[in-house]
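Open the model in your viewer and keep the sequence panel at hand. We will go from stop to stop, selecting a few residues each time.

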Amino acid sequence: MMSQRDSSSGSSASDNKILSAEQFREQRQKSPGKIIDVRTPEEHEEGHLADTDMLIDIKSDAFDSEISKLDKNETYYLYC
């Protein structure tokens, strides 16, 4: 499942979009962005998208800290 968040639009978290694989491909062509895998490292090792830019484990104590470091002017796609 992919979720898109465009930080540059000033939109709230409630404006996030859940995208199917096909919608993701189409949307990423229109609006390139970084892919963040938010699964655990073990899940990531079992298989992941080749284009993944970073892994930020949503279950990690450091998740909020790591997310807060991201550039707010970028578009991010979350892979979960």
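Predicted model: local features only at pLDDT ≥ 70, side-chain atom pairs only at ≥ 80, totals over all residues.

**Stop 1: the partner of Glu66**

Glu66 and Lys69 form a salt bridge, with their closest N and O atoms 3.1 Å apart. Lys69 has 60% relative accessibility, so it counts as exposed.

**Stop 2: the whole chain**

Now zoom out and switch to cartoon. Colour by burial next. Of the 80 residues in the chain, 31% are buried.

**Stop 3: the nonpolar cores**

Select Ile36, Val38, Ile56, Phe63, Leu70 and Tyr76. These six residues make up the largest nonpolar core. Then select Leu19, Ile35, Tyr77 and Tyr79. They are among the five residues of another core, which lies apart from the largest one.

**Stop 4**

Side chains of opposite charge can pair when their charged atoms come close. How many salt bridges are there in the model? The count is four.

Select Asp51 and Arg28. Their side chains meet in a salt bridge, 3.4 Å from N to O. Asp51 sits in the loop between α2 and β4 (54-55), while Arg28 belongs to helix α1 (residues 21-30), so this pair ties together parts that are 23 residues apart in sequence. How open are the two ends? Asp51 has 48% relative accessibility, so it counts as partly exposed. Arg28, at 22%, also counts as partly exposed.

Move on to Asp37 and Arg39. Here the side chains meet in a salt bridge at 2.8 Å, N to O. Hide the surface to see them: both Asp37 and Arg39 are buried.

**Stop 4: a charged patch**

Bring the surface back and select Glu42, Glu43, Glu45 and Glu46. These residues gather in a patch of negative charge on the surface. Centre on Glu42. Where does Glu42 lie? Its place is in helix α2 (residues 41-46). With 55% relative accessibility, Glu42 counts as exposed.

**Last look**

Show two selections together. One is the negative patch with Glu42, Glu43, Glu45 and Glu46. The other is the buried pair, Asp37 and Arg39.

Methods
Residues numbered from 1 in each chain as written. Heavy atoms only, no water. Core = buried A, V, L, I, M, F, W, Y, C linked by side-chain atoms within 4.5 Å. Buried < 20%, exposed > 50% of the residue type's maximum accessible area, 1.4 Å probe, protein only. Patch = residues over 30% accessible without salt bridge, like charges linked within 9 Å, V, L, I, M, F, W, Y side chains within 5 Å. Areas by Shrake-Rupley, 256 points an atom, 1.4 Å probe, with all protein chains shown as cover. Lys, Arg positive; Asp, Glu negative; His and termini not counted. Charge placed at Lys NZ, Arg CZ, Asp CG, Glu CD. Helix = DSSP H or I, 4+ residues; strand = E, 2+ residues; numbered from the N terminus.
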